[in-house]
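This report covers helix packing, backbone exceptions and ring contacts in one model. The sequence and structure come first.

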Amino acid sequence: MATTAQNGRGRALDAARLLDRLLIDVVVGTRILDIFESQNSKNTIQPVVFDGMRRMSHSHTLLGLSKFIEFYKTYHDLIPPACRTPCKNMMKIIESKKIYDFRSKYVAHVIDEDTGRPLNLNELEDYIGAIFGQDETSFIRWVNDQKNIFPTTVVSVLEKTRDEMMRENGISKGEMSQR
């Protein structure tokens with residue numbers, strides 16, 4: 001499909017569609033972890049497989065957050081006034097946690113460019129631990145606590161920004177689908 005970025009409204013449509021995809025990505029990345037855990041309530045999933053599912057979930061969530069940096073740099077001028085400060089604050093948190101660096105080093109590669117050797121799981125876990133801090137659950141709930149009251153979670157900020165951008169630019173839900 002051809003880009004819609006030729007005009008201001010088209011650019012806003014591109015931005016709103018991108019926010020919609022980012023929103024889905026971070027929701028899926030966070031919710032899939034709950035699904036994995038509920039499926040494993042009887043410890044039927046081998047620990048190594050469960051750890052792999054956790055890494056996949058975390059990587060997907062962090063990849064979505066790193067994509068927000070690209071969104072923000074490209075479309076910050078279109079962010080509705082009510083959403084500017086929450087988006088900027090979210091951007092600062094993502095940058096301070098070096099989530100984009102995580103994407104560049106651990107999600108996109110298997111060889112460490114600095115050392116020339118394969119990335120190992122301990123380093124990956126250490127990096128994720130540094131991003132999540134002391135409490136993995138708190139970080140995941142900052143992204144998506146399923147209540148998502150604006151502006152307390154990433155999901156609420158993305159959703160409100162998308163909805164306000166659609167409202168301000170007269171974008172219908174029908175225009176949001178892109179195949």
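## Packing of H1 and H2

Helix H1 covers residues 8-39, and its packing angle with H2 is about 160°, with the axes 9 Å apart. Axes are lines fitted to C-alpha atoms, for helices over the stretch in contact, and angles run from 0 to 180 degrees between N-to-C directions. Helices are DSSP runs (H or I, at least four residues), numbered from the N terminus.

H1 passes H2 in a left-handed crossing, a term used if the near helix is turned anticlockwise from the far one by less than a right angle. The residues of this contact of H1 with H2 divide into 16 nonpolar, 8 polar and 6 charged. Here Ala, Val, Leu, Ile, Met, Phe, Trp, Tyr, Cys and Pro count as nonpolar, Asp, Glu, Lys and Arg as charged, and the others, Gly among them, as polar.

## Basis of the values

This is a predicted model, in which local features need pLDDT of at least 70 and side-chain atom pairs count only at pLDDT 80 or more, while totals for chains, interfaces and linings use all residues. Residues are numbered from 1 along each chain as its sequence is written, and side-chain values use heavy atoms, with hydrogens and water left out.

## Packing of H1 and H7

The axes of H1 and H7 cross at roughly 155° and come within 9 Å. That makes H1 roughly antiparallel to H7. The crossing of H1 and H7 is left-handed.

On the H1 side, the residues in contact (heavy atoms within 4.5 Å) include Leu19, Leu22, Leu23, Val26 and Val27. Their partners in H7 include Val154, Val155, Leu158, Met165 and Met166. The contact of H1 with H7 divides into 13 nonpolar, 2 polar and 4 charged residues.

## Packing of H2 and H5

Helix H2 (residues 47-75) packs with helix H5 (residues 121-132) at an angle of about 50°, and their axes are 12 Å apart. That makes H2 oblique to H5. H2 passes H5 in a left-handed crossing.

Arg54, Arg55, His58 and Leu62 are the H2 residues that meet H5. In H5, they meet Leu121, Leu124, Glu125, Ile128, Ile131 and Phe132. The residues of this contact of H2 with H5 divide into 6 nonpolar, 1 polar and 3 charged.

## Loops and rings

Two loop residues have backbone entries. The peptide bond from Phe150 to Pro151 is cis, with omega near 0°, and Pro151 lies in the loop between helix H6 (136-143) and helix H7 (154-169). Lys98, a residue other than glycine, has a positive phi near 55°; its place is in the loop between helix H3 (81-96) and helix H4 (99-107).

Across the whole structure, a search finds 8 aromatic pairs. Rings of Phe, Tyr and Trp (its six-membered ring) pair if their centres lie within 6.5 Å. Such pairs link Phe68, Phe71, Tyr72 and Tyr75 into a cluster. The charged end of Arg103 sits over the ring of Tyr100, 4.4 Å from its centre, and that of Lys160 sits over the ring of Phe150, 5.5 Å from its centre. For this, NZ of Lys or CZ of Arg must be within 6 Å of the ring centre and within 35 degrees of the ring normal.

Key:
Rings of Phe, Tyr and Trp (its six-membered ring) pair if their centres lie within 6.5 Å; planes under 30 degrees apart count as stacked, over 60 as edge-to-face and the rest as tilted. Angles under 35 degrees count as roughly parallel, over 145 as roughly antiparallel, 65 to 115 as roughly perpendicular and the rest as oblique.
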